[in-house]
Amino acid sequence: TDLVRCTVVAEDLQQVEALMEALDARSVVGLADEEPRDEEGNEELMELLTVADPATETDENILRITAISNRFDEGYDDSKSGGYRDLSVSVEVGWVMNDGLVSFSLVRDWEALRCQRHICEIQ
């Protein structure tokens, strides 16, 4: 639903790349033994991301990138979307409720804290 979707407007592809680098710095990508889903022609984007390695998780990893759909790719058939193009990144977040307040948790703590989790879409 749109409750878990947000839009980031970029002026150019350099800003899109900077956004992906910022997401990568705060994310675990896929699972430790699994690549994220490459939904549509994302070879260049996938090279920007660091595949999950538990040894490299930091105190900034609050997201897990689960899928990427790159409709800017030259190989994308924009007739499927009426000419519309975007980049869609699905991220999983984990949280706990403390005294009625939501606290987002580090990916490495999700299991131990028995976090509630949800996948959100960033376009």
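Me: Which backbone oxygen does the side chain of N61 reach?

Reply: In this predicted model, the side chain of N61 comes to 3.1 Å from the backbone oxygen of S27. N61 itself sits in the loop between α2 (43–48) and β4.

Me: Is N61 buried or exposed?

Reply: Buried means under 20% relative accessible area. N61 has a relative accessible area of 5%, so it counts as buried.

Me: What span should the 13 residues of α1 have?

Reply: At 1.5 Å a residue, α1 should span 18 Å. Its end C-alpha atoms are 18 Å apart, which agrees.

Me: Which residue caps the N-terminal end of α1?

Reply: That residue is D12, which has a side-chain oxygen 3.2 Å from the backbone nitrogen of Q14.

Me: Which residues of α1 are buried, and where do they fall, seen down the axis?

Reply: An α-helix has 3.6 residues a turn, so residues three or four places apart point the same way. In α1 the buried residues are V16, M20, L23 and D24. Seen down the axis of α1, they fall within an arc of 100°, so they line one face of the helix.

Me: Which residues touch the most other members of the largest nonpolar core?

Reply: In soluble globular proteins, nonpolar side chains tend to be buried together. Here the largest nonpolar core has 14 residues, and those touching the most other members are M20, L23, I65, I68, L87, V89 and V91. At least two residues of this core come from each of α1 (13–25), β4 (63–70), β5 (87–98) and β7 (116–122). The largest share, 5 residues, is from β5. Another core, of 5 residues, lies apart from it and includes V28, V107, W110 and C115.

Definitions and conventions:
Residues numbered from 1 in each chain as written. Predicted model: local features only at pLDDT ≥ 70, side-chain atom pairs only at ≥ 80, totals over all residues. Heavy atoms only, no water. Core = buried A, V, L, I, M, F, W, Y, C linked by side-chain atoms within 4.5 Å. Buried < 20%, exposed > 50% of the residue type's maximum accessible area, 1.4 Å probe, protein only. Helix = DSSP H or I, 4+ residues; strand = E, 2+ residues; numbered from the N terminus. Polar contact = N/O pair within 3.5 Å; in protein donor to acceptor, adjacent residues only side chain to side chain. Expected span 1.5 Å × (residues − 1). Arc of directions from axis to C-beta.
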